[in-house]
Amino acid sequence: MSGHKMNRKKGTIGKLATSHIFLILVSITMLVPFLWMLFTAFKSNTEATSMNPFYILPREWRPDAFVTVLGNYDFGRLYLNTILLIIFRVLCAVLTATMAAYALGRLNFFGKNLAFGLVLLQMMVPSQIFVIPQYVMVSKMGMTNTLFGLVFPGLVTAFGTFLLRQAYMSLPRDLEEAAKLDGCNIGQTFFYIMAPLTKSSMVALGIFTALFAYKDLMWPMIVAPAKEWSTLAPALAKMQGQFTTKYPELMAASLLACVPMIVIYLIFQKQFIQGIATTGGKL
Amino acid sequence: MQRKPISYRRQRRRSEFLWGWAFLLPTVVGLIILNIYPIFYTIYLSFHKSGDFGRNNIFVGFQNYAKALKDMQILKAMRNSLLYMLMEVPISVALSLVLAALMNQKIRFRTVYRTIIFLPMVAAPAAVAMVWRWLFNTEFGLINHILGKKISWISDPKISLVSIAIIGIWSILGYNMILFLAALQEVPNDYYEAAELDGAGKAVQFFRITLPLISPMIYFVLVTRVIAALQVFDTIYMMMDRTNPALQDTQSLVFLFYRYSFVENNRGYGSTIVVLLLLITLIFTVLQNYGQKKWVIYD
């Protein structure tokens, strides 16, 4: 993100103060649910549901809810499954999309427009339209409750192909010409010269794919109902059914599901935000 | 290398064709199997009555559609999805535009603000829905406690959809803001300087310079958010129990699609619902594409 474009003298103190007040209010609104999740998770059920007097912070930070949740659910397995799903989805997306995007963005050949049409078509229809047939296919292959089943809809990505195609289209022509003169064939040009230049877009696609896989609820719920292959999101849905109104337990589970991604986000903030900005594309 | 240029060009074309298709093959094959064939298969299913275990589908023509368009539950779900979209998209887009404009100033702590406002984007919607359900709790919820009221946020049919939209807006604000901020940073400073010389105020500058210049990004966000908002599912699935009295007035088309297809195993009817969603989505995309010619400015 480049510098500020509004460095004009008129930025009076009063105006900035109003901006700050508004931004602080919004920030509080964003933070309160997370803080409430944290505080409730360390309360007892009676404390969480006692209104008078109303305690914001737990009187005593008790780990009871975490003990119950961790005793009932194998979080190690949930984390592992979620990580595996993320890794394979990201690998498949980046690998297939980067090749397809190079072909669509830099080469000219018969059938290219038709292929690009397929990419656009996939992006324009609501993704639920794929779900029943995809489930039937996975189930016919006997692959429900497997990692393959979980990854299945993400083996290729229209969105990623579109995103990386834009990255390739913005690269200068002379690079390829120079590579050609040096005797590189198309594969070598792609692999050694062009692909490395789209690294930031690949990172963007990776982050986007990872977030999507982490958040996905419907597909894992359908295709991997068995405990051993559950990911975090559908496990949370199940816990809600089990603990119903035991809010400390529910909040402890939510916290356990959210914290790893939040920590990763806080460490790689810059990549996250730039990556997400890239998904808006160069318009 | 004493080759004729013609044969060189032909060789190059041949080589581009072979490499191009080699690169495209995984994606194209994948798209055909995972997406294109399923579109037709789902449409095919929507014209059939589902037999047991997906076998023995019986062709029934438009019967599913005729039934769906008279089914109060589905009509209400259609209304719910549309209302949700009409609340979530305009409010979140307007708010995030304001936020992005504020963040585009030389202002302290902007990284801190940005980090916080984007935070909901990295939280699992299932967890987000659970904490909001807790915040919205009628008896013990934080929100009612602060307001000093006993509002049934998620079981009153009149407000439950608004509550779902609040969660949607809260969740997406940061994402939209980042996209708008990226667009704002592309706006050249000279425009503002010139406007300043002409004595234009901040508000005039925002409406006359900023908005037109980032209109392509606004259009992009509108199109993608409308499509996504029409598919609302996670929050509703997590918030609405089957016994909730507001269920009928809150459940979305995708929620019903899930229920019919994977709980009641009525894939034919489920497919019909998702095809109806497809049609609604296409109508909005076409309308927006038609409308953008009037307000989106490309340079």
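**Ring pairs, domains and backbone in a predicted model**

Student: How many aromatic pairs does a search of the whole structure find?

Tutor: The search finds 38 aromatic pairs over all chains. Rings of Phe, Tyr and Trp (its six-membered ring) pair if their centres lie within 6.5 Å; planes under 30 degrees apart count as stacked, over 60 as edge-to-face and the rest as tilted. This is a predicted model, in which local features need pLDDT of at least 70 and side-chain atom pairs count only at pLDDT 80 or more, while totals for chains, interfaces and linings use all residues. Residues are numbered from 1 along each chain as its sequence is written, chains are lettered from A and ligands numbered from 1 in the order in which they are written, and side-chain values use heavy atoms, with hydrogens and water left out.

Student: Why is the pair of A:Phe34 and B:Trp170 called tilted?

Tutor: The centres of A:Phe34 and B:Trp170 are 5.6 Å apart and the planes 35° apart.

Student: Are A:Phe34 and B:Trp170 buried or exposed?

Tutor: Buried means under 20% relative accessible area, exposed over 50%, partly exposed in between (1.4 Å probe, protein chains only). A:Phe34 has 10%, so it is buried. B:Trp170 has 4%, so B:Trp170 is buried.

Student: Why is the pair of B:Tyr237 and B:Tyr258 called edge-to-face?

Tutor: The planes of B:Tyr237 and B:Tyr258 are 80° apart, which is over 60, and the centres are 5.5 Å apart, so the pair is edge-to-face. B:Tyr237 lies in helix α11 (residues 234–239) of chain B and B:Tyr258 in helix α12 (residues 253–263) of chain B, so the pair ties together parts 21 residues apart in sequence. B:Tyr237, at 25% relative accessibility, counts as partly exposed, whereas B:Tyr258, at 9%, is buried. Both rings belong to a cluster linked by ring pairs, whose members include A:Tyr135 and B:Phe262.

Student: How do you know that the charged end of A:Arg77 sits over the ring of A:Trp229?

Tutor: A charge sits over a ring if NZ of Lys or CZ of Arg is within 6 Å of the ring centre and within 35 degrees of the ring normal. The charged end of A:Arg77 is 5.1 Å from the centre of the A:Trp229 ring. The charged end of B:Arg259 likewise sits over the ring of B:Tyr260, 5.3 Å from its centre.

Student: Into which domains is chain B divided?

Tutor: Chain B has domain 1 (5–63) and domain 2 (70–295), with bounds from an automatic or database domain assignment. Their C-alpha centres lie 32 Å apart. Between domain 1 and domain 2 of chain B the rule finds zero salt bridges, a salt bridge being a side-chain nitrogen of Lys or Arg within 4 Å of a carboxyl oxygen of Asp or Glu.

Student: What makes the phi of A:Thr244 worth a remark?

Tutor: Phi of A:Thr244 is near 30°, a positive value in a residue other than glycine. Most residues other than glycine have a negative phi. A:Thr244 lies in the loop between α13 (232–243) and α14 (247–267) of chain A, and at 45% relative accessibility A:Thr244 counts as partly exposed.

Notes
Helix = DSSP H or I, 4+ residues; strand = E, 2+ residues; numbered from the N terminus.
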